[in-house]
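Trainee: I would like to go through this model with you. Could we start with one of the sheets?

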Amino acid sequence: MEKTSPSSNLYSHPDKLLEDHLTGVSGLMDLFLSEKPQKIRDELSRLCCTIALTHDIGKATSCFQKYLFSDDSERQRLKGSETNHSLFSGLCAYHLAKEINNDSLYPLFAYITVRRHHGNLIDVSDEVSNFDNKDAVLLQRQLESIDDTAFAILADKLFKAGLSLMLDKTIISKWIDNFSKEITAFGRVLRNLNSTLKNYITLNLLYSLLLDSDKSDVVVQDQSVFKRRCVEDRDWVKNYMAAVIFPPSPINSLRTKAYQEVMERETNINERIYSLNLPTGLGKTLISLSFALKLKDQLRAEGANPRIIYALPFLSVIDQNSKVFDAVIRANGVDPDTSVLLKHHHLSEVYYKDRGSEFEPDEAKILIEGWNAEIIVTTFVQVFHALISNSNRSLRKFHRFADSIIILDEVQSIPVKYWLLMKTILKEISEALNTHIILSTATEPLIFSKDETMQLADRDFYFGSLDRITLIPLLHTPMTLEELRENISPQEAKTYLYIFNTITTARKFYSLIKDSRLPITYLSTHITPGERLKRIEDIKEGGFKVVVSTQLVEAGVDIDFDVVVRDIAPLDCINQSAGRCNRNGLSKGVVKVVVLKDDKDKKYAYRVYDPVLLDITEKVLSKRPQIREAEFLQLLDEYYALTNERTTQSGSREIIAAVGTMKYDRDEGDERRLSISDFRLIENDYPKRDVFIEIDEGAERVWIEFQRLRNIENRFLRKQAFDSLKADFYRYVISIPINVENIPPMVGELGYVKRSLLRDYYNEETGFIIKDDRSVVIW
């Protein structure tokens with residue numbers, strides 16, 4: 001019988017031996033790495049093993065072991081530099097990485113990955129200049145405190161698990177003595193580096209793999225969940241479409257033709273960026289999924305097994321499109337549990353199920369945030385902040401981009417100022433990580449030139465074949481809301497959608513026409529999310545003849561009207577709004593674009609949008625009194641050409657420069673140039689305050705549960721309990737400007753409107769009651 005070797009009796013966590021955690025993380029890191037392209041596996045395999053086996057080795061110190069098994073008050077007393085383990089671990093990772101490759105940046109990357117795995121990444125130049133004599137003294141003191149016998153057992157186990165040499169305290173002591181000189185020498189190396197994104201991608205990949213493996217090993221008990229599902233999914237959409245009855249119509253014929261054209265197109269997997277540019281209402285959601293599944297099947301034949309990451313700009317559309325995917329999967333006899341289809345955004349329900357097994361909330365959170373599924377439906381914010389960030393939480397997902405297929409739906413929503421940044425980062429990951437990217441849009445922006453993407457459909461044919469709507473620009477004479485009511489009031493024979501640029505104008509216009517005796521409803525983000533979704537479902541069912549809304553309905557929300565009236569906006573937004581008109585081509589729709597002004601003759605649109613984009617839009621639209629749908633493509637091309645000429649990409653260039661030099665963060669007050677941490681896909685245009693609206697009995701129950709969380713003293717358990725409540729809680733939360741007059745009672749940092757105070761703060765028709773209308777220039 002084989003003799004069991006003794007344990008080190010050193011612990012990484014109260015219930016886990018240090019050697020078990022280090023080898024467990026190594027196993028998961030190897031598993032996650034096995035999904036990556038062969039070139040990456042060959043290049044990084046030994047380095048990943050070294051990083052995993054050393055990332056917490058500093059926990060062997062006597063001070064940390066004492067800290068680990070102390071009560072909370074004693075922990076507070078002990079917590080400090082002596083219990084910090086990441087610097088010690090990083091130093092070991094650095095020197096062991098040198099054994100693998102001493103002529104590259106890999107030792108530095110190993111050091112940074114381990115050094116920062118409990119925090120965020122900082123400017124790499126600062127990493128190599130911050131080590132001083134005090135750090136060396138501390139490390140020697142930590143080393144001296146480690147029990148010799150225990151460390152010898154640990155070192156033996158790690159050597160057998162894959163470390164390149166047998167560690168002992170004498171070797172580490174010499175490493176400490178020489179480290180300051182070695183690490184600072186990288187300063188010159190970094191200054192002389194070519195500004196390339198390859199180093200950024202490699203460091204992010206290593207950091208991401210360690211973060212995901214570390215968190216997963218600690219929290220997830222049944223690690224068989226990380227073994228991928230094997231499903232025959234190539235024909236999922238084809239089978240679904242065969243099972244659904246689509247009534248004969250010209251628009252359905254075009255949808256079928258577009259689907260067949262894309263699916264029959266010869267695909268070269270060495271082409272990595274694809275464009276699906278089709279008019280609204282032609283089924284881009286299903287077509288892009290079907291093409292991604294076809295591409296996945298082809299890549300499987302080459303040894304890859306890509307996940308599909310489907311991203312949208314708006315939360316309001318995620319539920320709608322994930323329901324479509326759910327229906328597709330069910331139509332093929334597959335249970336779309338969370339390991340197959342995962343929905344992830346900051347308000348996601350913390351629930352994970354794999355092949356009949358439901359996971360505890362803490363495990364579910366780790367699995368969801370690690371994108372452990374075959375198809376992930378998420379937001380642009382989640383995707384682009386996983387690509388461009390210094391944040392531990394965001395970058396944890398970065399490794400999932402390797403060998404994946406990313407569908408960017410409504411790609412025109414990317415801010416113009418970031419076009420160059422997105423083009424650069426997407427091209428780099430497509431080449432370095434073998435990522436395939438599908439850009440899906442009805443208004444193809446000039447992020448990529450035509451020769452940089454593979455066009456999946458003949459966009460000229462489909463745009464030219466449509467005659468569902470006529471767009472009428474009414475731009476020469478700005479009008480007030482009262483004049484809008486007089487000039488374009490709803491008539492009983494048709495359905496109307498009015499789209500405004502601010503909550504104030506939408507609410508005022510609703511009050512002007514709500515007594516028109518036609519079924520009418522109102523939408524804005526000042527309506528609670530749960531009620532908002534209910535109203536959208538009622539609209540889809542034909543429950544209203546008139547809808548007054550802000551821009552929240554303009555992209556992707558599957559609603560249909562005879563007449564759409566839109567306050568002036570950038571042309572891509574107007575085109576999206578036009579997509580809510582006569583989608584199925586059953587009659588002839590009309591889209592009227594107006595310019596609305598306040599009583600001081602100031603245009604509302606200029607409170608919200610870039611004046612340059614508005615000027616370009618007016619210039620393009622003013623050339624014609626009426627515009628047929630078949631002419632939209634030409635207008636959009638002209639609009640984007642002018643946009644490309646007249647807008648600056650300086651913000652993109654600064655972030656690209658930061659990425660190239662791995663300037664992840666900057667000191668407070670350092671205004672010389674931007675860092676990676678400065679990137680925000682969506683700028684906070686004004687300070688906001690979250691408010692909980694106790695609108696019904698369900699909200700009352702949720703609030704009581706929320707209040708009970710205060711009784712949980714342990715902050716980690718309290719956060720875990722809130723994660724279980726979060727999806728229900730945020731059904732009743734809205735955001736309001738922080739400077740409104742009508743400030744509700746505050747509970748901590750959260751506004752709280754109890755049911756007995758509803759009439760003072762919340763109108764059941766129009767939402768939160770703003771007394772100072774000047775503040776509200778939002779959706």
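Trainee: What is the strand order of the open sheet of four strands?

Mentor: The order is β20-β19-β22-β21, with mixed pairing. Strands (E, at least two residues) and helices (H or I, at least four) are DSSP runs numbered from the N terminus, and two strands pair if DSSP finds at least two bridges between them. Please note that this is a predicted model: local features need pLDDT of at least 70, side-chain atom pairs count only at pLDDT 80 or more, and totals for chains, interfaces and linings use all residues. Residues are numbered from 1 along each chain as its sequence is written, and side-chain values use heavy atoms, with hydrogens and water left out.

Trainee: Which strands are at the edges?

Mentor: β20 (733–737) and β21 (746–747), each of which pairs on one side only. β20 is joined to β19 (residues 688–693) by five bridges, and the two run antiparallel. Within that pairing, Arg689 has Ile736 in β20 as its bridge partner.

Trainee: Which helix packs on that sheet?

Mentor: Helix α29 (residues 697–708) does, touching β19, β21 and β22 (750–753). Contact here means heavy atoms within 4.5 Å. The direction of α29 makes about 115 degrees with that of β19; axes are lines fitted to C-alpha atoms, for helices over the stretch in contact, and angles run from 0 to 180 degrees between N-to-C directions.

Trainee: Turning to the sheet of seven strands, what is its order?

Mentor: This open sheet runs β14-β15-β13-β16-β17-β12-β18, with mixed pairing. β14 (520–523) and β18 (627–628) stand at the edges with a single partner strand each, so one side of each has no neighbour in the sheet.

Trainee: How many bridges join β12 to β17?

Mentor: Seven; β12 (residues 469–479) and β17 (residues 589–596) run parallel. Ile472 stands opposite Lys592 in β17.

Trainee: A new topic: how many aromatic pairs are there?

Mentor: The structure holds 34. Rings of Phe, Tyr and Trp (its six-membered ring) pair if their centres lie within 6.5 Å; planes under 30 degrees apart count as stacked, over 60 as edge-to-face and the rest as tilted. Phe32 and Phe226 form an edge-to-face pair, at 5.6 Å centre to centre with 80 degrees between the planes.

Trainee: Which parts does that pair tie together?

Mentor: Phe32 lies in helix α1 (residues 18–33) and Phe226 in the loop between α12 (197–219) and α13, so the pair ties together parts 194 residues apart in sequence.
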